[in-house]
Amino acid sequence: MADHLTIFALSSGRPPAAIAVVRISGPHARVALERLTGRLPQPRLATLVKVHHPATGEAIDEALALWFPGPHSETGEDTAELQLHGGHAVIAGVFDALGTIEGCRIAEPGEFTRRAFDNGRLDLTAVEGLADLIAAETPAQRRQAFRQLKGLIGDRAEAWRRRLIEALALVEARIDFSDEADVPEDLIGPALYAARQLRDEIAAALADGGRGERLREGLVVAIAGPPNAGKSTLLNRFARREAAIVSPHAGTTRDVIEVHLDLGGYPVTLLDTAGIRESDEPVEQEGVRRARERAAAADLVLWVTDLSAAGGATVAVPKALEGCSAVWLVENKIDLAVEKPCGRQKEPLTSNEHKFMFFVSATKGQGVDKLVAAVTTYAKESFSGAEAGIVTRARHRAAFDDTMAALARALAEGERAGGREELIAEELRAAATTLGRLVGRVDVEDILDVIFRDFCIGK
Ligand code: GDP
């Protein structure tokens, strides 16, 4: 990855398609463009060109060419883009042509972005935001990813890091130049004051209930219950497509089926778990084990039972699911129960139970809209305020936790009678390093820069 060759790749989707975008980045991008098209377009101006094979002179295609001279390009390097007709043979021909140019090779996965990062065009959190934007499935996810790409977390972390470095510079100045007459006595007090403020601001950013991470990953709703209760049928109702196999034979859904849904703009991952029941059959046992594991980790469990099943006896929610944040009871097959009334439906329910109990017919659709609406509301409530949050990954949270811990140690040392300035400096430096790591830049030079900029020691 670390060579200085020029890279090229198909940046658009799978061919055949109307258009194929081939990107070229690196020191030979200009030569490559000139050799293939016979000209160098004006920077950033789409230009109609003929693409020829440099070895044979054969015309391959007519294309739009774009030329982005570095460093003000996506990757920070000289970059060229060809918008070709999106056929397999066109792309193969252009790749073959580019392969004949010295210093050019096919890019590895993520290599354009890697170069953008290496050249300081994107910080690590923006790189993550870009990945999330490409993966986003709902409007809320898209908005969160776009804001991260545009620096919502990176800029905040960078601003915090700068303030930390300024606080550190005060402490370092106190240590290094304490003999000098023109260095004020109390530099530690303002440094600790700044550290306290930073600690409070980071703590506030962390106190978001994990909504940013959940929005990124989607709210997980597990459909669980005994075999044949109608879980797969219900999932299909939700998904409105044939995502799970619906079968009249018990124990056919042996694995966990996932369906990604957009409910009211929010991402919900619906899991259809294998019928939870005891079995001697090894494959099914494994399915049951996985089902239990996934269901136990879900944000919401819909416990589906067959209202028409023998005797109408309630199938108790298994112990393993009791730890879930929410378990709703879904009584299925009310269509059968209506024809052949069973005792349970007539049992009086308190209003409180009603809130978590739904009567549906997965095949006929009765009651399903109400259940979908309730899950949508649940998702909306779980995500409320998520978009204002800045933490979207465990990596961010871990970095901020480390920063907080280092700040706490710096403050404890500062508040301790006889606390040592060197130790305060060390912890502030550690705190700044964790933030530097978050955005992917750890640079000690800027600490020195700040010292010499802010304190005109004059020597
Ligand atoms: P799972 O094992 O819990 O996933 O159950 P399935 O979704 O495979 O359904 C088992 C059987 O029950 C199938 O024959 C379905 O057609 C039937 N079934 C599911 N829901 C209903 C319902 O609401 N009413 C009736 N009458 N049959 C249903």
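The questions and answers below concern a predicted model and its ligand.

User: Which residue has a side-chain N or O atom 2.7 Å from an oxygen atom of the ligand?
Analyst: The shell around the ligand holds 18 residues, and those that come nearest are Lys231, Ser232, Thr233, Asp335 and Ala362. In Ser232, a polar side-chain atom is 2.8 Å from a ligand oxygen atom. The 2.7 Å pair, between a ligand oxygen and a side-chain N or O atom, belongs to Lys231.

User: Which residue places a side-chain N or O atom 2.8 Å from a nitrogen atom of the ligand, and how much of the ligand's accessible area does the protein cover?
Analyst: The side chain that lies 2.8 Å from a ligand nitrogen through an N or O atom is that of Asp335. On its own the ligand has 580 Å² of accessible area, and the protein covers 85% of that.

User: Which helix gives the most residues to the shell around the ligand?
Analyst: Two elements give two or more residues to this shell: helix H9 (231-239) and helix H11 (334-339). The element that gives the most, with three residues, is H9.

User: Which strands form the edges of the six-stranded sheet?
Analyst: The sheet is open, its pairing is mixed, and its strands follow the order E3-E4-E5-E2-E1-E6. An edge strand pairs on one side only, and this applies to strand E3 (47-52) and strand E6 (104-106). Ignoring direction, neighbouring strands are turned against each other by 30 degrees on average. The edges are E3 and E6.

User: What is the bridge partner of Phe8 in E6?
Analyst: Strand E1 (residues 6-10) pairs with E6 in the parallel sense, over three bridges. The partner of Phe8 in E6 is Ile106.

User: At about what angle does helix H1 run to E3?
Analyst: Helix H1 (residues 29-37) lies across E1, E2, E3, E4, E5 and E6. Its angle to E3 is about 80 degrees.

User: Where is the peptide bond from Gly70 to Pro71 found, and what is its omega?
Analyst: Most peptide bonds are trans. A cis bond joins Pro15 and Pro16, with omega about 0 degrees, and Pro16 sits in the loop between E1 and E2. Pro71 is in the loop between E4 and E5. The bond from Gly70 to Pro71 is also cis, and its omega is near 0 degrees.

User: What is the phi of Arg44?
Analyst: Most residues other than glycine have a negative phi. Arg44, in the loop between H1 and E3, is not a glycine, yet its phi is positive, at about 60 degrees.

Terms used. Residues are numbered from 1 along each chain as its sequence is written. This is a predicted model: local features need pLDDT of at least 70, side-chain atom pairs count only at pLDDT 80 or more; totals for chains, interfaces and linings use all residues. Side-chain values use heavy atoms; hydrogens and water are left out. A residue is near a molecule or strand if one of its heavy atoms lies within 4 Å of it. A polar contact is a pair of N or O atoms within 3.5 Å; within protein, one must be able to donate a hydrogen and the other to accept it, and residues adjacent in sequence count only if both atoms are side-chain atoms. Accessible areas come from the Shrake-Rupley method with a 1.4 Å probe; for residues, only the protein chains shown count as cover. Helices (H or I, at least four residues) and strands (E, at least two) are DSSP runs, numbered from the N terminus. Two strands pair if DSSP finds at least two bridges between them. Axes are lines fitted to C-alpha atoms, for helices over the stretch in contact, and angles run from 0 to 180 degrees between N-to-C directions. Contact means heavy atoms within 4.5 Å.
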